[in-house]
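Please read these notes with the model open beside you.

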Amino acid sequence: MMADTMQLRPRTPGRAGAPRGGRFKGAVASEWTKLWSLRSTWLTLVAAVAMQAVYVFFTSASIASQNESGRADAMQSSAPESAVDAVFVSQLAVITLAVLVIASEYATGSIRSTLQWVPVRSRMLLAKCAVVGPVLLVTGVVMGAVGVAVADVVLGEYGTEYGTGNAVRAIVGIGLVMALCGMLTIGLGAVLRSVAATMAVAFVLLLIVPMILQMSKVPALEKAVDYLPSMAGQRFMLGDSEHYPDWMGLGILAVWTAALLTAGYLVLRERDA
């Protein structure tokens with residue numbers, strides 16, 4: 001009789017008998033498998049490093065040429081600075097990867113399967129970030145190292161001096177900023193639910209708006225640029241403390257990321273897939 005009673009007792013959700021995919025570990029494993037099963041993942045990561053190397057090469061070659069010809073207005077740059085400047089272009093590949101991780105699921109309809117497997121919306125978003133963040137961190141570090149190495153060779157004697165600490169800071173900083181930009185884009189994709197819209201808004205937010213505000217020559221708008229995610233990240237990567245403590249740049253980018261992920265979670269919670 002006792003055995004029959006125990007068999008009829010309902011199973012409490014979330015205990016040992018809960019579906020494996022509903023747990024965070026299972027959600028992360030699922031996202032990891034999905035990420036690396038796509039050819040586009042490899043292509044975008046290689047493109048990010050290649051874009052970094054090519055952009056650094058041409059900008060560094062231009063600076064070296066100006067200085068070699070003795071131009072009075074010749075630009076000056078160090079290898080870490082050149083690597084950080086290139087991020088404005090190479091981060092497009094990083095944004096593309098993050099968009100594919102979230103927004104492409106709405107385009108293909110696979111978001112329904114994802115949410116059936118991991119019905120807790122916050123867990124699903126965090127699982128995507130737990131996979132994309134470290135991948136882009138490593139990718140960013142590789143981008144930084146390649147950029148510094150290429151710039152150091154191409155600039156040669158015309159590059160300004162820099163210490164090992166500056167190079168390490170730029171390389172690690174690029175990794176951290178790329179990871180946060182990727183997670184920021186995931187939050188944006190959860191809000192917009194469209195590949196094209198997410199790409200467009202991310203591009204405008206990270207690239208176009210800072211350039212427009214800097215070109216405006218309006219003091220208030222020029223000051224506002226420092227609190228946009230891309231410029232805050234650049235201040236951190238360069239160790240620039242002119243406008244605020246350099247570490248605060250990473251904090252500002254983290255706040256933007258948290259805000260957009262929160263917005264994405266709220267949209268996921270209120271709308272059906």
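1. Start at Val-141. This residue sits in helix 6; helices here are DSSP runs of H or I with at least four residues, strands are runs of E with at least two, and numbering starts at the N terminus. Val-141 is partly exposed, at 31% relative accessible area. The classes are buried under 20%, exposed over 50% and partly exposed in between, with a 1.4 Å probe and protein chains only.

2. A word on the source. The model is predicted, so local features need pLDDT of at least 70 and side-chain atom pairs count only at pLDDT 80 or more, while totals for chains, interfaces and linings use all residues. Residues are numbered from 1 along each chain as its sequence is written, and side-chain values use heavy atoms, with hydrogens and water left out.

3. Areas come from the Shrake-Rupley method with a 1.4 Å probe; for residues, only the protein chains shown count as cover. Helix 6 (121-155) and helix 7 (164-192) each supply at least two residues. Helix 7 gives the largest share, three residues.

4. Now the overall fold. The chain has 11 helices and zero strands. The C-alpha atoms fill a box of roughly 95 × 40 × 35 Å along the principal axes. Of the 273 residues, 43% count as buried. Take contacts as heavy atoms within 4.5 Å. Among contacts with a separation of 6 or more, 78% join residues 24 or more positions apart. The chain exposes about 14000 Å², and carbon and sulfur atoms supply 66% of that area.

5. Turn to charge pairs. Side chains of opposite charge can pair when their charged atoms come close. A salt bridge here is a side-chain nitrogen of Lys or Arg within 4 Å of a carboxyl oxygen of Asp or Glu. The whole structure holds eight salt bridges. One of them joins Glu-105 and Lys-34, at 2.8 Å from N to O. Glu-105 lies in helix 4 (residues 79-108) and Lys-34 in helix 2 (residues 24-36), so this pair links parts of the chain 71 residues apart. Glu-105 is buried, with a relative accessible area of 6%, and Lys-34 is partly exposed, at 26%.

6. Glu-105 has a further partner, Lys-128. Their closest N and O atoms are 3.1 Å apart. Lys-128 lies in helix 6 and Glu-105 in helix 4, so the pair ties together parts that are 23 residues apart in sequence. Is Lys-128 buried or exposed? Lys-128 counts as buried, because its relative accessibility is 0%.

7. Look next at Arg-169. Its side chain meets that of Asp-246 in a salt bridge of 3.2 Å, N to O. The pair links distant parts of the chain: Asp-246 is in helix 11, Arg-169 in helix 7, and they are 77 residues apart. Asp-246 counts as buried at 17% relative accessibility, whereas Arg-169 is partly exposed at 28%. Salt bridges that share partners also join Glu-31, Lys-34, Glu-105 and Lys-128 into one network.

8. Arg-169 also lies over the face of Phe-236, at 5.0 Å from the ring centre. The rule asks for NZ of Lys or CZ of Arg within 6 Å of the ring centre and within 35 degrees of the ring normal.

9. Finish with the aromatic rings. A pair of aromatic rings is described by the distance of the centres and the angle of the planes. Rings of Phe, Tyr and Trp (its six-membered ring) pair if their centres lie within 6.5 Å; planes under 30 degrees apart count as stacked, over 60 as edge-to-face and the rest as tilted. The count comes to four aromatic pairs. Among them, Trp-36 and Trp-42 form a tilted pair, 4.7 Å centre to centre with 50° between the planes. Trp-36 is partly exposed, at 23% relative accessible area. Tyr-227 and Tyr-244 form a tilted pair too, at 5.5 Å and 50°. Tyr-227 is in the loop between helix 9 (219-225) and helix 10 (229-238), and Tyr-244 in the loop between helix 10 and helix 11 (246-270), 17 residues apart. Tyr-227 is partly exposed at 35% relative accessible area; Tyr-244 counts as buried at 5%. Trp-32, Trp-36 and Trp-42 form one aromatic cluster.
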